[in-house]
Amino acid sequence: MDAPPTASAVEAVGLVKRYGATTAVDGLDLTVRPGTVTAVLGPNGAGKTTTIELCEGYRAPDAGRLRVLGLDPVADAAALRPRIGVMLQSGGVYPGVRAIEMLTHVARLHAHPLDVAELAERLGLASCGRTPYRRLSGGQRQRLALALAVVGRPELVFLDEPTAGLDPQARRATWELIGELRADGVTTVLSTHTMEEAEELADDVAIVDAGRVIARGTPAELCGGGGDVLRFAGRPGLDLVSLRQALPVGGDAAEPSPGSYVVTGDVDPRLLATVTAWCAQHGVLADRITTRRHTLEDVFLELTGKELRP
Ligand SMILES: Nc1ncnc2c1ncn2[C@@H]1O[C@H](COP(=O)(O)OP(=O)(O)OP(=O)(O)O)[C@@H](O)[C@H]1O
C-alpha cells in the first residue's frame with residue numbers, strides 16, 4: 001500500500017548543523033512542495049550540500065526540526081532510504097565495477113525501477129556501460145551518479161549540482177530527465193550554481209546564504225520585484241549624470257561593471273528611444289541592448305553581494 005501523501009516533501013524548521021567552530025547551517029527553514037522541483041541556490045560555502053546531506057540522513061542536525069516525506073531522516077533512515085534517490089559521491093563506488101552493472105544492481109534493489117538500458121541510453125552511458133568506474137571521465141561519473149539516483153523511481157530525489165562539469169548535450173539531457181520525473185510526480189531538490197538551470201527547471205527557488213534561506217519563491221516572484229530594466233554595453237565611464245537628466249521622470253541609470261549599463265524606470269518604447277537618442281548625441285555605439293525583467297542572477301547577486309567570499 002502507498003504511504004499517505006505528506007503535506008510537504010521536505011519540512012525544515014530552524015535547522016542547525018555545526019562542524020566544530022563552523023556553523024554550516026544556521027537556523028534554516030525550507031519547505032518543499034510534493035511533485036515540484038526546488039532549486040537551492042547560494043554562494044560557495046552557503047550550506048547547500050550540508051542541507052542536502054541532512055535531508056538524506058547522512059548527517060544529523062544539531063538543532064531544529066527536519067521531516068522528509070514525513071519521516072525523520074536519521075531515526076527513520078531504514079524507512080526513508082528506499083523512497084528517496086541521492087547522487088552518490090565517487091567515494092561510495094567500487095572502482096572496478098562497470099557502469100551498467102552498477103545501474104542494473106541498484107535497479108534490482110527496487111520494486112519498480114526504470115528501464116536500465118533506456119536510462120543509460122538517454123544519459124549517454126550506453127557506450128561506456130562496460131567501462132570500469134575508475135576509467136570513466138568526470139562527466140560520465142556524474143551522469144552515472146544521476147542515473148543511480150533515479151533508477152529506483154524514487155518519490156523524492158536530491159541532486160547536488162547535478163550538471164556541474166557536464167557538456168551542453170549532457171546538461172540538456174539531464175534537464176529533460178528532471179522535467180520528466182516532475183511530470184511523473186517525482187519531487188526534486190537540487191542545488192546549483194547555474195541560474196539558467198534554476199530558471200529552466202525550478203518551480204520554487206530557495207536562496208541560501210550563511211546557512212539560512214534569505215529569499216524564496218517562484219523564479220517569477222523572485223525576479224518580479226525588481227521590475228524591468230534596460231541594459232546596454234558601451235565604452236566604460238559614460239556620463240551618467242547627463243544620461244539620468246535625459247531620462248523620463250522616475251528613470252535611473254547605473255554602470256554596475258565597467259562598460260555595462262543598466263537603466264531602470266518604465267521600460268517602454270519611449271525610454272528605449274530616449275536612451276538610443278542620448279547615445280547618438282554622445283557618440284556612443286550602444287551594443288547588446290536588451291529590455292527585460294531582472295534575471296535570477298541579478299536578484300541572486302543583489303541578495304548575496306557581488307564580492308567574492310573569503
Ligand atoms: N565535513 C566538514 N567538516 C568541516 N567543515 C565543513 C564540512 N563540510 C562543510 N563544511 C563547511 O561548512 C560550510 C558549508 O559547506 P557546504 O559544503 O554545505 O556549502 P555549499 O553551499 O554546498 O558550498 P559549495 O557551493 O561550495 O559546494 C563551509 O564553510 C564548509 O567549509
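**View 1. The whole chain, in helices and strands.** Helices here are DSSP runs of H or I at least four residues long, and strands are runs of E of at least two, numbered from the N terminus. Counted that way, this predicted model comes to 11 helices and 13 strands. The C-alpha trace spans about 70 × 45 × 40 Å along its principal axes. Of the 310 residues in the chain, 35% are buried. Take the contacts between residues at least 6 apart in sequence: 68% of them join residues at least 24 apart.

View 2. As a bit of background, strands of a sheet pair through backbone hydrogen bonds, either parallel or antiparallel.

**View 3. A closer look at β5 and its neighbour.** Here β5 runs parallel to β6 (residues 156-160), and three bridges join the two. To pick out a residue pair, find Val86: its bridge partner in β6 is Phe158.

**View 4. Helix α5 and what it packs against.** With 13 residues (138-150), α5 reaches 19 Å from its first C-alpha to its last, close to the 18 Å expected at 1.5 Å a residue. Its buried residues include Leu144, Leu146, Leu148 and Val150, and also Gln140, Gln142 and Arg143. Ala147 and Ala149 are on that buried list too. What do the buried residues of α5 pack against? They meet β5, α3 (99-108), α4 (116-122), β6 and α6.

**View 5. The shell around the ligand.** Surrounding the ligand are Tyr19, Thr22, Ala24, Gly42, Asn44, Gly45, Ala46, Gly47, Lys48, Thr49 and Thr50. Two elements give two or more residues each to this shell, namely β2 (22-32) and α1 (48-56). Which element supplies the largest share of the shell? That's α1, with three residues. Sorted by class, the shell has three nonpolar, seven polar and one charged residues.

Conventions: Residues numbered from 1 in each chain as written. Predicted model: local features only at pLDDT ≥ 70, side-chain atom pairs only at ≥ 80, totals over all residues. Pairing = 2+ DSSP bridges. Buried ≥ 20, exposed ≤ 12 C-beta atoms within 10 Å, placed from the backbone. Contact = placed C-beta atoms within 7 Å. Expected span 1.5 Å × (residues − 1). Near = placed C-beta within 6 Å. Nonpolar A, V, L, I, M, F, W, Y, C, P; charged D, E, K, R; others polar.
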